[in-house]
Amino acid sequence: MPDPLRRLSADAPVAAMLEAYEADGALVVEGMVPGGIVADLCAAATTYAEGVEPGVADQGMGEDGKFFVGANTIRFSSLGRITPAYFDLLDNEVYAALADAVLLPNCGSYWVNTAQVMFIGPGEQAQVLHRDADNWFQHVAPTWPDCPEVTISAMIGLEEVTEELGATRAVPGSHRWPELNVYEYDLETVPAELAPGDAFVYSGKVLHGGGENRAADRWRRAMHLSFVVGWLTPEEANPLDYGPGDLDGRSPRVQRLLGHRSYNPRPHLGGGLWLRHVRPIEDQA
Ligand SMILES: O=C(O)CCC(=O)C(=O)O
């Protein structure tokens with residue numbers, strides 16, 4: 001059995017969190033999201049979930065994607081359309097500091113990859129273990145495991161998340177394994193148990209997957225928030241959810257994360273991306 005995940009309080013030094021992240025590829029940040037934001041997200045997500053059929057999300061991959069998600073799992077995104085607490089979450093300073101440290105060495109800025117409610121229902125099987133960076137497999141495969149980090153993820157507890165309810169399972173250290181396993185079941189894993197507001201923060205290179213929900217009648221209520229470097233295409237087409245003007249008054253960070261600002265590669269080499277009329281979006285407001 002691998003060692004348990006390291007757990008640090010949200011007011012611990014960011015350097016200590018990064019040390020755990022570097023060593024294991026993952027850690028739990030206790031109390032990362034303030035209670036009021038978690039309560040608002042949980043209430044809005046729980047209400048919205050009542051109208052969402054389990055098993056319909058397919059990650060854009062048809063039946064393979066449905067299998068990946070699970071038949072008794074509810075997933076949905078576009079969270080800023082159901083609660084403004086989502087925008088507050090995007091400004092979370094601890095997660096921002098971790099994402100900056102991990103991603104900015106490889107990009108000028110990053111954007112939201114996906115923000116998804118992930119409610120795992122009673123009886124759901126364990127998800128196949130995978131690496132989130134495999135979304136961009138052509139980036140990862142040629143230079144694995146030395147490829148630059150392009151994505152960072154957090155699973156945030158909206159209620160208590162226990163092993164029995166299907167806490168995310170992870171393989172600490174697998175971000176450095178010399179072999180690039182793709183889709184595994186039979187590996188030793190540890191659960192990322194969470195209190196409401198705790199976040200399991202993990203590298204796109206680390207093997208992980210949703211746990212089996214062994215409870216008879218309780219759902220695992222958590223949400224995922226991941227970022228990806230600005231020169232790669234995210235999972236979710238965020239700018240279609242928030243039209244021109246919708247993000248006025250939100251922070252520049254939120255506007256950038258949701259595709260309402262352009263990509264400038266500096267201080268790295270590269271070209272300006274995600275432009276409009278051949279100029280940065282933010283210069284045309
Ligand atoms: O639900 C979970 O705990 C993990 C989900 C996940 O890793 C994914 O779908 O990419």
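In helix α5 (residues 93-103), the buried residues include V94, Y95, L98, A99, V102 and L103, a residue being buried if 20 or more other C-beta atoms, placed from the backbone, lie within 10 Å of its own. Helices (H or I, at least four residues) and strands (E, at least two) are DSSP runs numbered from the N terminus. Viewed down the axis of α5, the buried residues fall within an arc of 135°, and they therefore line one face of the helix; the arc is that of the directions from the helix axis to the C-beta atoms. An α-helix has 3.6 residues a turn, so residues three or four places apart point the same way. The model is a predicted one, in which local features need pLDDT of at least 70 and side-chain atom pairs count only at pLDDT 80 or more, whereas totals for chains, interfaces and linings use all residues. Residues are numbered from 1 along each chain as its sequence is written.

The buried residues of α5 pack against α1 (14-24), β2 (26-30), β4, β5 (151-157), β8 (199-203) and β10, with contact defined by C-beta atoms, placed from the backbone, that lie within 7 Å. Of these elements, β4 (residues 110-120) has 11 of its 11 residues buried, so this strand is largely enclosed by the rest of the structure. Strand β10 is likewise largely enclosed, because 10 of its 10 residues are buried. Both faces of β10 are covered, with R220, A222, H224, S226 and V228 on one side and R221, M223, L225, F227 and V229 on the other.

Strands are taken to pair if DSSP finds at least two bridges between them. Strand β4 is joined to β10 (residues 220-229) by 10 bridges in the antiparallel sense; I120 has R220 as its bridge partner, and F119 stands opposite R221. Antiparallel pairing also links β5 to β10, over 7 bridges, with G157 partnered by A222.

H208 of β9 stands opposite A170, and 2 bridges join β6 (residues 169-170) to β9 in antiparallel fashion. These strands belong to an open, antiparallel sheet of 3 strands in the order β7-β6-β9. Because β7 (190-191) and β9 (208-209) stand at the edges with a single partner strand each, one side of each is left without a neighbour in the sheet.

Key:
A residue is buried if 20 or more other C-beta atoms lie within 10 Å of its own, exposed if 12 or fewer, and partly exposed in between; C-beta atoms are placed from the backbone. Two residues are in contact if their C-beta atoms, placed from the backbone, lie within 7 Å.
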